Amino acid sequence: MFKRNIRTRAVVAAVTASTLHLAAASSAVAETPCGGDFRAFLDGVAQEARSQGRAEAAISATLAAARIDRKVLSRDRAQGVFKQTFLTFSKRSVSGYRLKQGAANLRKYAATFQKAERDYGVPGPVIAAFWGLETDYGAVQGDFNTVSALATLAHDCRRPHLFRPQLLAAIEMVEHGDLDPQRTTGAWAGEIGQVQMLPEDIIRFGVDGDADNHVDLKNSAPDAILTAARFINHLGWRPGEPWLQEVSLPSSLPWEKSGLNFDMTVGDWSKLGVKARSGGLPSASLPAALLLPQGKDGPAFLAYPNFRVYLEWNQSFIYTTSAAYFATRLAGAPRYTAGNPGDGLSDAAMKDLQARLRNKGYDVGKIDGILGAGTRAAVRSEQLRLGLPADGWPTQALLNRL
């Protein structure tokens, strides 16, 4: 559900699940045909599909269904949900309904979740949390025609190198009988099914969980669960290890050590006074980063190596932290302590902050009002320079001093 609104997953999956590499992305953009007459563009796609050995009937059926969808382009340019705070987004997304339904589905499909963990090492709550966030366990899968969505984004010259391969993969799915070009619908960025995966991902990682000789992520929960498990395993999941854990912190903590770019061992954090809020901390030798989504006065988590997998699924810090937290709740963890964090910046103030940080030489990426990793790191550096607690949470007081 949320992935259709917070749009990094399509880009991340297209990169991580294909042979594309970020280092070659800029040259790929120049080499990938895009724009111009739409029918001429589709003729080029057809020619490329033929060179890949796709059946003519599948090529014709797929591309005959393709239309430019202006709503897709509109969604692609709207990223507003990224600007929510962790407390706002997580309270809305990790709802009582989702927790209740997640627990029910973990029981209903217990055998499938057990197989997922046995075969791929991924615990059921991790899969169920993604399933719930993406589509409310299959209830809200998106109503955009998949072929038209992919064709629109492949034709658009913003990221054709990411979406043209997905359109070609959709043709392959049609050939296999796993996609109906006229009727298959999904997210606006072309993701399909209960866990919202792109065609290349489905072809490469799809698992026929109900033994019907098809990978049907729209209608088959076993297919969706096992495919998600296999994909998460591919992203680097470390079996038997935690992913996120809420902790309590001493007031004397060196806050500049927080953030995803600074790892210490659990033992080192423990020596600094970091304690598990419930239960105990894992192995003292396990690496961990301290996450403070809204600074030192808000919720605090230790993020373990498996948390990096969440960032491969979706690069939004707020989404990934919420998804990982959701999985801990499904695994039995209590609700986090919200604390009393200071007010965040407005959209205009955040853009002002980013502009000032860029003028100081920091790489904050696009001036978009989103508190991403680059902006957080720059804020932490400036807080440290100014003698403020370097927790990465920007406030109006900090902005006033820059």
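These are legends for several close-up views of the structure shown above.

The model is predicted, so keep in mind that local features need pLDDT of at least 70 and side-chain atom pairs count only at pLDDT 80 or more, while totals for chains, interfaces and linings use all residues. Residues are numbered from 1 along each chain as its sequence is written, and side-chain values use heavy atoms, with hydrogens and water left out.

**View 1. The five-stranded sheet.**
Here we look at an open sheet whose five strands come in the order β4-β6-β7-β3-β5, with antiparallel pairing. At the edges stand β4 (263-265) and β5 (275-276), each with a single partner strand, so one side of each has no neighbour in the sheet. A word on the names: helices (H or I, at least four residues) and strands (E, at least two) are DSSP runs, numbered from the N terminus. Two strands pair if DSSP finds at least two bridges between them.

**View 2. Strand β3 and its two partners.**
Which strand is joined to β3 by three bridges? That is β7 (residues 301-303), running antiparallel to β3 (residues 244-248). Look for Gln-245 standing opposite Leu-302 of β7, and for Glu-246, whose bridge partner in β7 is Phe-301. β3 also pairs with β5, again in the antiparallel sense, over two bridges. In that pairing, Ser-248 sits opposite Lys-275 of β5. β3 is mostly covered, with four of its five residues buried. Buried means under 20% relative accessible area, exposed means over 50%, and partly exposed is in between (1.4 Å probe, protein chains only).

**View 3. Helix α16 crossing helix α9.**
How do these two helices meet? Two packed helices are described by the angle between their axes and the distance between the axes. The axes of α9 and α16 come within 8 Å and cross at roughly 125°. That makes α9 oblique to α16: angles under 35 degrees count as roughly parallel, over 145 as roughly antiparallel, 65 to 115 as roughly perpendicular, and the rest as oblique. Axes are lines fitted to C-alpha atoms, for helices over the stretch in contact, and angles run from 0 to 180 degrees between N-to-C directions. On the α9 side, the residues making the contact include Pro-125, Val-126, Phe-130 and Leu-133. On the α16 side, they include Tyr-319, Ala-323 and Phe-326. Contact means heavy atoms within 4.5 Å.

**View 4. Ser-322 in helix α16.**
Zoom in on Ser-322, a residue of helix α16. Is Ser-322 buried or exposed? At 0% relative accessibility, Ser-322 counts as buried. Leaving aside residues up to four places away in sequence, Ser-322 touches Phe-86, Phe-89, Ser-90, Ser-93 and Val-94.

**View 5. Helix α13 from end to end.**
This helix has 14 residues (221-234), which at 1.5 Å a residue should span 20 Å, and its end C-alpha atoms are 20 Å apart, so the two agree. The expected span is 1.5 Å times one less than the number of residues in the helix. Of the 14 residues of α13, 11 are buried, so the helix is largely enclosed by the rest of the structure. Among them are Ile-225, Leu-226, Phe-231 and Ile-232. Just after α13 comes Gly-236, with a positive phi of about 115°.

**View 6. Two loop residues with a positive phi.**
Most residues other than glycine have a negative phi, and most peptide bonds are trans. Asp-136 has a positive phi, near 50°, and is found in the loop between α9 (124-135) and β1 (144-145). At 13% relative accessibility, Asp-136 counts as buried. Asn-213 also has a positive phi, near 70°, and its place is in the loop between α12 and α13. Asn-213 is exposed, with a relative accessible area of 70%.

Trp-188 is in the loop between β2 (185-186) and α12 (199-205). With a relative accessible area of 0%, Trp-188 is buried. Trp-188 and Leu-73 are 115 residues apart in sequence and 8.7 Å apart in space, C-alpha to C-alpha. Now turn to Ala-348, in helix α17 (residues 347-359), which is exposed with a relative accessible area of 57%. The C-alpha atoms of Ala-348 and Arg-230 are separated by 41 Å, and these residues are 118 places apart along the chain.
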